[in-house]
Amino acid sequence: MTTRTSQGILAEENTEKREQIIDLLTKAYWMEIEAVMSYIANSVNPDGLRAQEIVGSLQQDIQEELGHAQQFAARIKELYGVVPGSLEFNAEQSYLQPPDQQTDIVHVIKGVIEAETGAIEHYNRIIEVTDGLDFVTQDMVIAILRDEEGHRRLFEGFLREFEADGLA
Ligand SMILES: [Fe+2]
Ligand SMILES: [Fe+2]
């Protein structure tokens, strides 16, 4: 007989909650995968002098988001879920599609801010759902949330500069 206190989220009586967490982690996994795709495209497409700082920053973020995807995948497995195959992927980041003009770096900056905001909202939700129940997932997602908050803050700074120069 398993009990909540002895086994936490792995206790039999928490099966339903565990499956809910797996669903949330799966959504997070796809968000990270899509961020990798969008950031690769947006780290290559932009033209112009002003784009170079943004491009360099996105190149770094690609590796971080990929690391996040791998962490979410590992946690899905630890909770007895299965990491989905690529056919289950549905794209959502309409705001991170290439702009009409590849010098339109403000479009990219705003798109990144929107993607990071979506991640921040979803990861705060996971932190709430896991509270008091699945400390391991919660701990992992808190660390990832900090990365996303840092990403957004950096791009908000880029946007501020463009706004100050009357370009955004
Ligand atoms: Fe991420
Ligand atoms: Fe991020």
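The iron ion (ligand 1) is coordinated by E32 (OE), E32 (OE), E65 (OE), H68 (ND1) and E148 (OE), at 1.9 to 2.4 Å. Donors here are N, O and S atoms within 2.8 Å of the metal (3.2 Å for Na, K and Ca); water is not among the atoms, so sites may look incomplete. This is a predicted model: local features need pLDDT of at least 70, side-chain atom pairs count only at pLDDT 80 or more, and totals for chains, interfaces and linings use all residues. Residues are numbered from 1 along each chain as its sequence is written, chains are lettered from A and ligands numbered from 1 in the order in which they are written, and side-chain values use heavy atoms, with hydrogens and water left out.

**Iron ion (ligand 1)**

- Along the sequence, its donor residues follow the spacing E-x32-E-x2-H-x79-E.
- E32 in helix 2 and H68 in helix 3 are 36 residues apart, so this pair links distant parts of the chain. Helices (H or I, at least four residues) and strands (E, at least two) are DSSP runs, numbered from the N terminus.
- Both E32 and H68 are buried. Buried means under 20% relative accessible area, exposed over 50%, and partly exposed in between (1.4 Å probe, protein chains only).

**Iron ion (ligand 2)**

- The donors to the iron ion (ligand 2) are E65 (OE), E116 (OE), E116 (OE), E148 (OE) and H151 (ND1), at 2.0 to 2.4 Å.
- The sequence spacing of these donor residues is E-x50-E-x31-E-x2-H.
- E65 bridges the iron ion (ligand 2) and the iron ion (ligand 1). The two ions lie 3.9 Å apart.
- E148 and H151 are separated by about one helical turn, because they are 3 residues apart in helix 5 (residues 135–164).
- E148 is buried, with a relative accessible area of 1%. H151 is buried too, at 5%.

**Aromatic rings**

- The whole structure holds 4 aromatic pairs. Rings of Phe, Tyr and Trp (its six-membered ring) pair if their centres lie within 6.5 Å; planes under 30 degrees apart count as stacked, over 60 as edge-to-face and the rest as tilted.
- One of them joins Y29 and W30: the ring centres are 5.2 Å apart and the planes lie at 55 degrees, so the pair is tilted.
- Y29 is buried, with a relative accessible area of 13%. W30 is buried, with 14%.
- W30 also pairs with F89, with centres 5.3 Å apart and planes at 55 degrees, so this pair is tilted.
- W30 lies in helix 2 (residues 15–44) and F89 in the loop between helix 3 (51–78) and helix 4 (105–130), so the pair ties together parts 59 residues apart in sequence.
- F89 is partly exposed, with a relative accessible area of 23%.
- Ring pairs link Y29, W30 and F89 into a cluster.

**Helix 4 and helix 5**

- The axes of helix 4 and helix 5 come within 8 Å and cross at roughly 155 degrees. Axes are lines fitted to C-alpha atoms, for helices over the stretch in contact, and angles run from 0 to 180 degrees between N-to-C directions.
- Helix 4 is therefore roughly antiparallel to helix 5. Angles under 35 degrees count as roughly parallel, over 145 as roughly antiparallel, 65 to 115 as roughly perpendicular and the rest as oblique.
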